[in-house]
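Dear colleague,

I am passing on the structure below, together with some notes on its aromatic rings. Please read them alongside the model.

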Amino acid sequence: MSRNGQERDRRFGTAILVGQFVMPRGTAFAEHWHPDHQLLCSERGLLRIRSEHGTWLLPPSLALWIPAHVPHATASEGDAVMRGVFVDPESCPHIGWRDPTVVAVTPLLHALVVHLDRTDLTPEARSRAEPVLLDELRPVPVTSVAVPEPRDPRARAVAEALRARPADGRALAAYGGQVGASARTLARLFVAETGLGFGQWRERLRMQAALPYLVEGLPVEAVARRVGYASASSFTAAFHRVVGVTPRQYFPR
């Protein structure tokens, strides 16, 4: 699949093409792939990118490098503006990432993306800026925030209830009468169908639920309460455990 009909003008040796997409709440691009590498950035709002390698939620401080030909789907969490940076694989043989890789959007990287989005750049100016952008890509230890969905209708009913109320701290036994299964059966189903124990699954779900609040700028203390943590410190520890960085590292101010 092509990248939304946009074609690089190879007459001028252009290696990088930048596209900007306004994505109102609920906008989604179904699974597709590109012949070029793609760097997906959020200019504003939160983006959800899903592939067979995982699911990532990207604020403006992070971008995702998606190697050429890797199928992926993209959606907005709330209103967002996405920039897609398409990179000719021949221009960056030194970048050997085979799987999607999260990189930091430094002030310089952001400025270069905006710079290369201009339509009045001379070929010479563009050819000078493109290698600098590629040199500025710095991986960060952020992991996929995937929350697998159980298939069994009893476990799925529990999952749906928690998606609606992530702060609900009740044990599995409290759901038994509602869904017609014992706590032991539900615990077994979560492990078998999601690969995670129930506690781990709920922790991941809470981190996903927290991200839209964090991107809106809510204080960590308020976000912690909304997703079921008694203190900012316990929430921060859980966030670091699941995501790989702290909330303030994920959303630098």
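A residue is called buried here if its relative accessible area is under 20%, exposed if over 50%, and partly exposed in between (1.4 Å probe, protein chains only). The model is a predicted one, in which local features need pLDDT of at least 70 and side-chain atom pairs count only at pLDDT 80 or more, while totals for chains, interfaces and linings use all residues. Residues are numbered from 1 along each chain as its sequence is written, and side-chain values use heavy atoms, with hydrogens and water left out.

Of the 253 residues of the protein, 50% count as buried.

Rings of Phe, Tyr and Trp (its six-membered ring) are paired if their centres lie within 6.5 Å, and the planes are stacked under 30 degrees, edge-to-face over 60 and tilted otherwise; by this rule there are eight aromatic pairs. In one of them, Trp65 and Trp97 have ring centres 5.8 Å apart and planes at 85 degrees, so this pair is edge-to-face. Trp65 is buried, at 1% relative accessible area, whereas Trp97, at 25%, counts as partly exposed.

The charged end of Arg206 sits over the ring of Tyr229, 5.3 Å from its centre (the rule asks for NZ of Lys or CZ of Arg within 6 Å of the ring centre and within 35 degrees of the ring normal).
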